[in-house]
Amino acid sequence: MSNKKLLVGNWKMNLGPSRAKELAATFLPLTRTLTRCEVWFTPPFTSINAVAEVVRNSAVRLGAQNVHWTESGAFTGEVSVSMLRECGCSYAITGHSERRHVFAETSGLVAQRTLGALALNFDVILCVGEKLTDRESGKTLEVIKDQLAPVLKDLTPSLASHLILAYEPVWAIGTGKVASIQDIEQTHRGIIDHWKQSSTTPCPPILYGGSVDQDNVGAILKVEGVGGCLIGGASIHPEKFPKIVAIAEK
Ligand code: PGA
């Protein structure tokens, strides 16, 4: 995986095919000359094909917001790696806090998704992060370790080479509350140290996510151990996202 800072837009359940295509076309010129960062788009499933038409032959990578671990079968509501590949995707997000906390996906289920997709040479951005009550009771790393455990248990070096982590404190997602630089640095360091103790595979790049915007992205990207950002709201904002890209490229 590249050493450039990653700016991954998580478009969540926003933008149907025509609006997604329009936005991708607006953002595409910004990405043409990038040398220090990469831009990836993660539209909702039904908009992937439309965005793929726009980003074909560009450096922008296209991903999905979730993925199932088997190829096909009776799994209502799910999509597989081969289906996503056919639409132009090369990665998926797993374990996003909205999947864990709104849709009750357990760390075991998230690990199944993650390991299954990695085994098919699909890149995966695995999200971890604590709730406010966890942070307030000093349990941030404990929670993250539990979330990582079922993945680490079966991770081989070849699977790990396709993995990216995203640290997203749940209380910072979509709230406008950003973790302090010190909190981000400390948690990323904690994840790296834990990884080194628990796995023989090198620690994957770790993105930070949670209310990233044009005002904080510069400082966040300078934090040691931050490999880029997973960006929700600001990634579909026509003025904010170009500013974020310009700052990351400086
Ligand atoms: P946010 O979302 O930037 O809107 O806080 C981040 C995410 O959910 O990945």
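I looked up the second largest pocket and noted a volume of about 260 Å³. I work here with a predicted model, in which local features need pLDDT of at least 70, side-chain atom pairs count only at pLDDT 80 or more, and totals for chains, interfaces and linings use all residues. Residues are numbered from 1 along each chain as its sequence is written, and side-chain values use heavy atoms, with hydrogens and water left out.

I took a pocket as an open set of points, on a 1 Å grid over the protein atoms alone, with protein on both sides within 12 Å along at least five of seven lines; lining residues have an atom within 4 Å of a point. A volume is the space filled by probe spheres set on the points, which are joined across faces, edges and corners.

The second largest pocket has 19 lining residues, and I find Ser211, Val212, Gly232, Gly233 and Ala234 nearest its centre. I sorted this lining into five nonpolar, ten polar and four charged residues (nonpolar: Ala, Val, Leu, Ile, Met, Phe, Trp, Tyr, Cys, Pro; charged: Asp, Glu, Lys, Arg; polar: the others, Gly among them).

I then turned to the largest pocket, with a volume of about 470 Å³. Of its 19 lining residues, Lys12, Met13, Gln65, Arg99 and Phe103 are the closest to the centre. Its lining has seven nonpolar, six polar and six charged residues.

I searched the whole structure for cavities (points where a 1.4 Å probe fits but cannot get out) and recorded one of 30 Å³ or more. The largest cavity has a volume of about 40 Å³. Its lining includes His96, Cys127 and Glu168.
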